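Please read the following points alongside the model. They go from strand pairing to one helix and then to the chain as a whole.

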Amino acid sequence: MLQGFRLTGLALCLATAPAWGLAQQSRLTPDRPDFSVTLNGTPVTIARTGAACPPACIQPMQAASGIVTIGELELLDFLDLFVSTGSGLLVDTRRPEGYGAETLPGAVNVPAATLAPGNPYRGDLLEALGARGPDFSGAYDLVLFAEGPDASAAPESLRSLAEAGYPTEKLKYYRGGLRDWTALGLTTTAGAQ
């Protein structure tokens with residue numbers, strides 16, 4: 001019965017596919033334009049419309065090895081257990097204008113470019129996050145997010161931090177980002193300027 005339901009849902013999606021043609025065609029990932037599979041003997045192609053990929057490509061669920069991906073309820077727990085006690089930071093990796101317009105409550109803005117290895121001030125930024133040279137024992141626990149599941153800023157930032165020596169057990173990825181947060185009707189704020 002459940003299998004039949006999935007096929008019916010799939011048939012419904014396929015029946016409405018021509019309406020999607022009005023939106024911009026996009027890739028799933030930089031190296032994958034679409035996905036084809038045969039389900040119950042029927043060939044199905046899954047394509048994407050919307051923002052162009054690149055740069056807006058679907059991001060993997062896990063940003064990097066050892067970094068946990070969390071959802072909204074885990075993010076609420078993080079705000080309660082870490083941010084409210086001063087031992088953690090919720091980091092919005094988007095550009096300052098996006099952060100200033102709307103962000104998650106309690107977030108600070110650390111744009112992805114500032115965490116890139118080529119930034120000459122990255123050492124100062126790591127120090128502000130609690131690192132003392134190669135010693136990260138006093139570093140903050142961090143949750144990083146960006147615009148949504150197709151934004152690369154947070155995963156790139158997490159990989160940059162891990163490559164710099166930041167302990168992966170102190171890093172978490174909120175993949176849903178601002179878009180999923182607002183889609184659920186959760187409270188947002190304007191970022192501090």
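1. Two strands are taken as paired if DSSP finds at least two bridges between them. Helices (H or I, at least four residues) and strands (E, at least two) are DSSP runs, numbered from the N terminus. This is a predicted model, in which local features need pLDDT of at least 70 and side-chain atom pairs pLDDT 80 or more, while totals for chains, interfaces and linings use all residues. Residues are numbered from 1 along each chain as its sequence is written, and side-chain values use heavy atoms, without hydrogens and water.

2. Leu-144 has Tyr-173 in β9 as its bridge partner. Three bridges link β8 and β9 in the parallel sense.

3. Which residues of helix α7 (residues 153-163) are buried? They are Ala-153, Ala-154, Pro-155, Ser-157, Leu-158, Ser-160 and Leu-161, where buried means under 20% relative accessible area with a 1.4 Å probe, protein chains only. Their cover includes α5 (112-115), α6 (122-128), β8 (141-145) and β9 (171-174). Gly-165, which follows α7, has a positive phi, near 105 degrees.

4. Overall, the protein has eight helices and nine strands, and 36% of its 193 residues count as buried. Among contacts (heavy atoms within 4.5 Å) with a separation of 6 or more, 64% are between residues 24 or more positions apart.

Note on methods. Buried means under 20% relative accessible area, exposed over 50%, partly exposed in between (1.4 Å probe, protein chains only).
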